[in-house]
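The sequence and structure come first, and the description follows.

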Amino acid sequence: MNQKAPVIIGEYHFIPENLPSDGQFRLMFLPIDMTAYWRRCGLTANFVAGFYSYCYEESESKINSLSTIINELLENATKFSKVKDGKIKVELKHYGNLLKIDVLNVASKTLRDSFELFVSKIILEKVEDMYFSTLETKEDSDTKSGLGLLMLLKDYPVRFGYSFQEIDADTHEITVRAIINVEEL
Ligand SMILES: Nc1ncnc2c1ncn2[C@@H]1O[C@H](COP(=O)(O)OP(=O)(O)OP(=O)(O)O)[C@@H](O)[C@H]1O
Ligand SMILES: [Mg+2]
């Protein structure tokens, strides 16, 4: 089967693909694992952040920042997954002070298209402007307020890259890649 080349947006290749990492770590689960107990997103994020805190100078605020970033990516991967054939993969690699976090989920064509549009806009527009205009139009009860990623970009030193890979017409693998220099956290 011929697969289409993925669409890559943002700083996905900030770290060259062939650079050997100093350490690596992988997790895989189903969206249902998280939706059954939402607290698991936070637990997983805390665990992963704690695991990496031993690679560099341990500081409570660095671990918290890392956990916040990972938690947002896990929540998104869970919320926007296809229920059927949904798998979520988390892969972390570190290169000295640089930490690369990949979170992959499987989404429908509609969700893929709207996310692709959203991230293309993030690249072009000022994050602060987008953040405040989204905040103004937000309803209090929204669970999909569209603020999570903008908040991360606004408040944390994180570079994002995105990969969109079509598997079939309504099945798309989305990888959100966060690259963080832990010195800057
Ligand atoms: N992993 C993903 N797969 C598919 N679509 C995504 C993914 N992550 C984000 N999106 C899309 O991008 C939009 C913005 O994501 P963001 O995290 O900023 O907001 P949100 O999750 O909707 O709300 P909030 O994070 O404020 O609770 C989402 O509404 C969704 O449409
Ligand atoms: Mg979110």
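Of the 17 residues around ligand 1, those that come nearest are Glu72, Asn76, Lys79, Asn105 and Ser145. The model is a predicted one, and the distances below should be read with that in mind.

| Residue | Protein atom | Ligand 1 atom | Distance |
|---|---|---|---|
| Ser145 | polar side-chain atom | oxygen | 2.4 Å |
| Leu147 | backbone N or O atom | oxygen | 3.0 Å |
| Leu149 | polar backbone atom | oxygen | 2.9 Å |

On its own, ligand 1 has 600 Å² of accessible area, and the protein covers 89% of that area. The elements that give two or more residues to the shell around ligand 1 are H3, H4 and H6, and the largest share, 4 residues, comes from H3. By class, the shell around ligand 1 divides into 7 nonpolar, 7 polar and 3 charged residues.

Where does ligand 1 sit? Ligand 1 sits in the largest pocket, which holds about 580 Å³ of space. This pocket is lined by 24 residues, of which Asn76, Phe80, Phe115, Phe118 and Leu149 are the closest to its centre.

The lining of the largest pocket draws at least two residues from each of helix H3 (60-79), strand E4 (98-107), helix H4 (109-124), helix H6 (148-155) and strand E6 (171-181). H3 gives the most to this lining, with 6 residues, and H3 also provides the largest share of the shell around ligand 1. In terms of residue class, the lining of the largest pocket has 13 nonpolar, 7 polar and 4 charged residues.

The second largest pocket has a volume of about 280 Å³. It is lined by 16 residues, and the closest to its centre are Tyr12, Asp102, Leu104, Glu173 and Thr175. Two or more residues of its lining come from each of strand E2 (23-29), strand E3 (88-95), E4, strand E5 (158-168) and E6. By class, the lining of the second largest pocket has 7 nonpolar, 4 polar and 5 charged residues.

Note on methods: Residues numbered from 1 in each chain as written. Chains lettered and ligands numbered in written order. Predicted model: local features only at pLDDT ≥ 70, side-chain atom pairs only at ≥ 80, totals over all residues. Heavy atoms only, no water. 1 Å grid on protein atoms, 1.4 Å probe; cavity = no way out; pocket = protein on both sides within 12 Å on 5 of 7 lines; lining within 4 Å. Points joined across faces, edges and corners; volume = space filled by probe spheres on them. Nonpolar A, V, L, I, M, F, W, Y, C, P; charged D, E, K, R; others polar. Near = heavy atom within 4 Å. Polar contact = N/O pair within 3.5 Å; in protein donor to acceptor, adjacent residues only side chain to side chain. Areas by Shrake-Rupley, 256 points an atom, 1.4 Å probe, with all protein chains shown as cover. Sits in = over half its atoms within 2 Å of the grid points.
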